[in-house]
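Please keep the sequence and the structure in view while reading.

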Amino acid sequence: MNKKILTAAQAGWIGCHVCGLTIPKQAVDLRSCPRCQAAMHSRKPKSLSRTWALLLTAVILYIPANVYPVMTVIKMGRGEPDTILSGVKHLIESGMWPLALLVFVASIVVPVMKIGVLSYLVLSVQRRSKWRALDRTMLYRLLEAFGHWSMVDIFLVSILIALVDFGSIATIKPGIGASFFAAVVVLTLLAAHSFDPRLIWDVMDEE
Ligand SMILES: [Zn+2]
């Protein structure tokens, strides 16, 4: 905080998100990059409201993702549909606790933390917080790095279906909950992508 850093935005310059070209704002027609023709803006447009909209939709869809069954395992013509949590319970009961842990982390811990952390980051920018900007930026980087792990779940269901179909002792049918869950995963990825971490630092430079 002791050194004042001049940002491109303050200097009236604008950088291209795609090819990295940085030029004075007046030199652009404010529509596209003169080099690669990508749309140019100094910050992601409507970053906060877009992130909120995506987060809110993710929260809403996360409810049916947990309430509705993600899959049904049918053995000898019988089978009960499993939600994420009942699936975890079944896995523990069958002694497959490493798999149970993986499913629990990927479908409960990661999405909930992701939604929570991102909401906090957006709120902190809206409240013009100047508290620990570096840590908040690190948090965002962690979020981007680990966010993709929630994809593991959808992957797992598809592998299970393929594996069981080979064996033909049992069949697995994907449930509607899996579609809701996939939507939540995509929405949180998009929400994280919509957030512009530079906004954290824009507030820091205000006085
Ligand atoms: Zn460009």
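Leaving aside its neighbours within four places in sequence, with which residues is tyrosine 68 in contact? Tyrosine 68 is in contact with Thr83, Gly175, Ile176, Gly177 and Phe180, where a contact means that the C-beta atoms of two residues, placed from the backbone, lie within 7 Å. Tyrosine 68 and isoleucine 176 are 108 residues apart along the chain, yet 6.4 Å separates their C-alpha atoms. Tyrosine 68 is located in the loop between α1 and β3. It counts as partly exposed because it has 17 C-beta neighbours inside 10 Å; a residue is buried if 20 or more other C-beta atoms lie within 10 Å of its own, exposed if 12 or fewer, and partly exposed in between, with C-beta atoms placed from the backbone.

The model is predicted, so that local features need pLDDT of at least 70 and side-chain atom pairs count only at pLDDT 80 or more, whereas totals for chains, interfaces and linings use all residues. Residues are numbered from 1 along each chain as its sequence is written.

The protein chain contains seven helices and five strands. Helices (H or I, at least four residues) and strands (E, at least two) are DSSP runs, numbered from the N terminus. Read from the N terminus on, the elements follow the order β-β-α-β-β-α-α-α-α-β-α-α. Of the 207 residues in the protein chain, 23% are buried. Among contacts between residues at least 6 apart in sequence, 65% join residues at least 24 apart.

The sheet may be considered next. Three strands form an open sheet in the order β4-β3-β5, with antiparallel pairing; two strands pair if DSSP finds at least two bridges between them. The edge strands, β4 (81-82) and β5 (170-174), each pair on one side only. Strand β3 (residues 71-75) pairs with β5 in the antiparallel sense over five bridges. In this pairing, isoleucine 74 stands opposite threonine 171 in β5, and lysine 75 stands opposite alanine 170 in β5. Towards β4, β3 is joined by two bridges, and these two strands also run antiparallel. Here methionine 71 has aspartate 82 in β4 as its bridge partner. β3 and β4 form a hairpin with five residues between them, and methionine 76 in the turn has a positive phi of about 50°. In a regular strand the side chains alternate between the two faces of the sheet.

The helices come next, with α3 as the point of reference. Helix α1 (residues 47-67) packs against helix α3 (residues 97-126) at an angle of about 150°, with the axes 10 Å apart. Axes are lines fitted to C-alpha atoms, for helices over the stretch in contact, and angles run from 0 to 180 degrees between N-to-C directions. α1 is therefore roughly antiparallel to α3, given that angles under 35 degrees count as roughly parallel, over 145 as roughly antiparallel, 65 to 115 as roughly perpendicular and the rest as oblique. α1 passes α3 in a left-handed crossing; a crossing is left-handed if the near helix is turned anticlockwise from the far one by less than a right angle, and right-handed if clockwise. The residues of this contact divide into eleven nonpolar, three polar and no charged. Ala, Val, Leu, Ile, Met, Phe, Trp, Tyr, Cys and Pro count as nonpolar, Asp, Glu, Lys and Arg as charged, and the others, Gly among them, as polar. Among the α1 residues that meet α3 are Trp52, Leu55 and Tyr62.

How does α3 meet α4, and what is the handedness of the crossing? α3 passes α4 in a left-handed crossing. The axes of α3 and helix α4 (residues 133-146) come within 10 Å and cross at roughly 150°. In the contact of α3 with α4, eight residues are nonpolar, one is polar and two are charged.

Helix α6 (residues 176-194) comes within 11 Å of α3, axis to axis, and the two cross at roughly 35°. Ser107, Pro111, Lys114, Ile115 and Leu118 in α3 meet Phe181, Val184, Thr188, Ala191 and Ala192 in α6. Their contact divides into seven nonpolar residues, two polar and one charged.

Finally, arginine 128, in the loop between α3 and α4, has a positive phi of about 55° although it is not a glycine. Arginine 128 is exposed, because 10 other C-beta atoms lie within 10 Å.
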